[in-house]
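Notebook open. I want to go through a pocket and some helix packing here.

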Amino acid sequence: MVSFEMNDRKKIGLGLTGFGVFFSFLGIVFLFDKGLIAMGNILFLSGVSLTIGLKSTMQFFMKRQNFKGTISFGSGFFFVIIGWPILGMILESYGFIVLFSGFWPTLAVFMQRIPILGWVLQQPYVRSLFDRYRGRRVPV
């Protein structure tokens with residue numbers, strides 16, 4: 001079993017990441033409010049930086065295979081800031097999917113271990129969908 005230390009910096013980082021997702025969700029619910037979405041983006045990025053460290057964050061976003069996602073996410077953030085939140089969120093969503101696509105298989109394995117959700121995900125049709133996309137593990 002792998003154990004990892006959860007120091008205060010990582011706890012604060014996870015909290016900021018959670019608040020970032022929450023504010024972005026609120027910004028979408030309130031008809032693409034650019035202030036809430038921008039605040040969510042800032043909190044999300046600062047939370048990721050605190051959780052995994054600034055050097056690891058920069059290495060992750062600057063990897064050659066992540067350039068498309070990084071540029072898309074960054075340009076989406078720019079469009080949110082200048083007042084075009086719908087276009088910005090579309091670009092950010094695409095960038096987020098491209099950047100974190102390697103994490104989906106690991107997330108699928110984690111979700112299959114949750115009691116009720118795991119039972120649903122073990123059904124033959126759903127399981128075949130997960131098995132199709134379970135190629136590699138975490139890219140970090």
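First, my terms: on a 1 Å grid over the protein atoms alone, a pocket is an open set of points with protein on both sides within 12 Å along at least five of seven lines, and a lining residue has an atom within 4 Å of a point. This is a predicted model, where local features need pLDDT of at least 70, side-chain atom pairs count only at pLDDT 80 or more, and totals for chains, interfaces and linings use all residues. Residues are numbered from 1 along each chain as its sequence is written, and side-chain values use heavy atoms, with hydrogens and water left out.

**Pocket.** I looked up the second largest pocket, and 13 residues line it, with Val-21, Ser-24, Asn-41, Met-89 and Phe-96 nearest its centre. Helices H1 (8–29), H2 (34–52) and H5 (85–99) are the elements that each give two or more residues to this lining; helices here are DSSP runs (H or I, at least four residues), numbered from the N terminus. H1 provides the largest share, 5 residues. I get about 270 Å³ for the volume of the second largest pocket, meaning the space filled by probe spheres set on the grid points, which are joined across faces, edges and corners. Its lining has 7 nonpolar, 5 polar and 1 charged residues. My classes: Ala, Val, Leu, Ile, Met, Phe, Trp, Tyr, Cys and Pro are nonpolar, Asp, Glu, Lys and Arg charged, and the others, Gly among them, polar.

**H4 with H5.** The axes of H4 (residues 67–82) and H5 come within 7 Å and cross at roughly 160 degrees. That makes H4 roughly antiparallel to H5 (the label needs an angle over 145 degrees).

**H2 with H4.** Which residues meet here? The axes come within 9 Å and cross at roughly 145 degrees. From H2 I list Lys-34, Ile-37, Ala-38, Asn-41, Ile-42, Phe-44 and Leu-45, and from H4 Phe-73, Phe-77, Val-80 and Ile-81. The classes come out as 9 nonpolar, 1 polar and 1 charged.

Key:
On a 1 Å grid over the protein atoms alone, a cavity is a set of points where a 1.4 Å probe fits but cannot get out, and a pocket is an open set with protein on both sides within 12 Å along at least five of seven lines; lining residues have an atom within 4 Å of a point. Axes are lines fitted to C-alpha atoms, for helices over the stretch in contact, and angles run from 0 to 180 degrees between N-to-C directions. Angles under 35 degrees count as roughly parallel, over 145 as roughly antiparallel, 65 to 115 as roughly perpendicular and the rest as oblique. Contact means heavy atoms within 4.5 Å.
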